[in-house]
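Please read the following report alongside the sequence and the coordinates.

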Amino acid sequence: KIKGRLAKARRTLKKDKTDEAQAKSLGFHQEAIKAYEADVLWREKAQASLLPNLKTYDTAIQTTIGLRLQERLTDVQAKGVASCLSVHRNISLEF
């Protein structure tokens, strides 16, 4: 929204240099400023209320989600993966 309003203000001034066009461009600029202030306010509220919960969640899942993308597994993770893959399979029927 911010970028679009600023682009409209720029295009309006680029097309026409009259006082009416300048007033219209100024209106688009004011809308962009209001959208920016609303976005900053939302981000400040989110940082205060959501960020601690997101950090807790990230800490809780960091050892389980994305396990294959890690360069090296911890000992606990390696033992857990090894136990899952060490189930005996009878492959005699495949010969």
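Arg5 is partly exposed, because its relative accessibility is 29%, and the class follows from cut-offs under which buried means under 20% relative accessible area, exposed means over 50%, and partly exposed lies in between (1.4 Å probe, protein chains only). The model is a predicted one, in which local features need pLDDT of at least 70, side-chain atom pairs count only at pLDDT 80 or more, and totals for chains, interfaces and linings use all residues. Residues are numbered from 1 along each chain as its sequence is written, and side-chain values use heavy atoms, with hydrogens and water left out.

**Salt bridges**

The side chain of Arg5 meets that of Glu31 in a salt bridge, with an N to O distance of 3.0 Å. This pair links distant parts of the chain, since Glu31 lies in helix 2 and Arg5 in helix 1, 26 residues apart. The term salt bridge stands here for a side-chain nitrogen of Lys or Arg within 4 Å of a carboxyl oxygen of Asp or Glu, and by this rule the count comes to 2. Glu31 counts as partly exposed, because its relative accessibility is 37%.

The other pair is Asp39 with Arg43, whose closest N and O atoms are 2.9 Å apart. Asp39 and Arg43 both lie in helix 2, 4 residues apart, about one turn of the helix. Asp39 is partly exposed because its relative accessibility is 28%, whereas Arg43 counts as exposed because its value is 52%.

**Overall fold and surface**

The protein chain holds 4 helices and 0 strands, and along the sequence the pattern reads α-α-α-α. Helices (H or I, at least four residues) and strands (E, at least two) are DSSP runs, numbered from the N terminus. Of the 95 residues of the protein chain, 11% count as buried. The chain exposes about 8,800 Å², and carbon and sulfur atoms supply 59% of that area; accessible areas come from the Shrake-Rupley method with a 1.4 Å probe, and for residues only the protein chains shown count as cover.

Which residues does Ser25 touch, not counting residues up to four places away in sequence? Ser25, which is found in helix 2 (residues 19-49), touches Ala9, Thr12 and Leu13, where contact means heavy atoms within 4.5 Å. Ser25 is buried because its relative accessible area is 5%. Thr12, placed in helix 1, is likewise buried, because its relative accessible area is 12%. Leaving aside neighbours within four places in sequence, Thr12 is in contact with Ala21, Lys24, Ser25 and Phe28.

| Pair | Apart in sequence | C-alpha to C-alpha distance |
|---|---|---|
| Gly4 and Ala32 | 28 residues | 8.1 Å |
| Arg10 and Ser25 | 15 residues | 7.1 Å |

Gly4 is found in helix 1 and is partly exposed, because its relative accessible area is 37%. Arg10 also has its place in helix 1, and Arg10 is partly exposed because its relative accessible area is 48%.

**Surface patches**

Arg10 belongs to a positive surface patch formed by Lys8, Arg10, Arg11, Lys14, Lys15 and Lys24. Helix 1 (residues 2-15) contributes the largest share of the positive patch, namely 5 residues. One member, Lys15, lies in helix 1 and counts as exposed because its relative accessibility is 76%. Patches are made of residues with over 30% relative accessible area and no salt bridge, like charges being joined within 9 Å and nonpolar side chains (Val, Leu, Ile, Met, Phe, Trp, Tyr) within 5 Å.

A nonpolar surface patch of about 260 Å² is made by Leu50, Leu51 and Leu54. Within this group, Leu51 has its place in helix 3 (residues 51-61), and Leu51 counts as partly exposed because its relative accessibility is 31%.

How values were computed. Lys, Arg positive; Asp, Glu negative; His and termini not counted. Charge placed at Lys NZ, Arg CZ, Asp CG, Glu CD.
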